[in-house]
Amino acid sequence: MYLFCRQSVQDYQVWQDFFRVSTVVYEEAGLILKNVWKGESNNVFIIFKVENVKVAKAFIKSPATEKHREKAGVLTNEMHFMEEI
């Protein structure tokens with residue numbers, strides 16, 4: 001299972017700084033970073049390998065994670081769990 005995220009961010013550099021220091025937190029939630037892409041208009045695309053879907057869903061819905069996204073300047077956030085076929 002994978003988690004595909006698209007985020008529109010206010011300032012890419014601010015977002016990147018927050019994202020880099022959060023690696024351990026993502027890993028503790030069973031999310032293994034596979035790749036990050038920066039698109040046009042400060043859109044960021046991220047893909048994680050998911051070790052435990054239940055733990056990952058709880059993590060991404062938690063108030064602490066939402067607060068972290070706000071501090072990082074995330075304007076919009078889409079997350080999709082996907083299976084490889």
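Trainee: How does the lining of the largest pocket split by class?
Mentor: There are twelve nonpolar, four polar and one charged residues in that lining. Nonpolar means Ala, Val, Leu, Ile, Met, Phe, Trp, Tyr, Cys or Pro, charged means Asp, Glu, Lys or Arg, and the others, Gly among them, are polar. This is a predicted model, where local features need pLDDT of at least 70 and side-chain atom pairs pLDDT 80 or more, while totals for chains, interfaces and linings use all residues. Numbering starts from 1 along each chain as its sequence is written, and side-chain values use heavy atoms, without hydrogens or water.

Trainee: What volume does that pocket have?
Mentor: The largest pocket has about 180 Å³, counted as the space filled by probe spheres set on grid points joined across faces, edges and corners. Of its 17 lining residues, Y26, F59, T65, H68 and R69 are the closest to the centre. On a 1 Å grid over the protein atoms alone, a pocket is an open set of points with protein on both sides within 12 Å along at least five of seven lines, a cavity is a set where a 1.4 Å probe fits but cannot get out, and lining residues have an atom within 4 Å of a point.

Trainee: Which elements supply at least two residues of that pocket's lining?
Mentor: They are β1 (2-9), α2 (23-28), β3 (43-50), α3 (53-61) and α4 (63-71). α4 gives the most, with four residues. Helices (H or I, at least four residues) and strands (E, at least two) are DSSP runs numbered from the N terminus.

Trainee: OK, cavities. How many of 30 Å³ or more turn up?
Mentor: Two, in a search of the whole structure. The largest cavity holds about 60 Å³ of space. Its lining is Q7, W15, F18, F19, Y26, H68, R69, A72 and V74. Helices α1 (12-21) and α4 each give two or more residues to this lining, and α1 gives the most, with three. Six of the lining residues are nonpolar, two polar and one charged.

Trainee: And what lines the second largest cavity?
Mentor: F19, T23, Y26, E27, L31 and L33 do. The second largest cavity has a volume of about 30 Å³. α2 contributes the largest share of this lining, three residues. By class, four of the residues are nonpolar, one polar and one charged.
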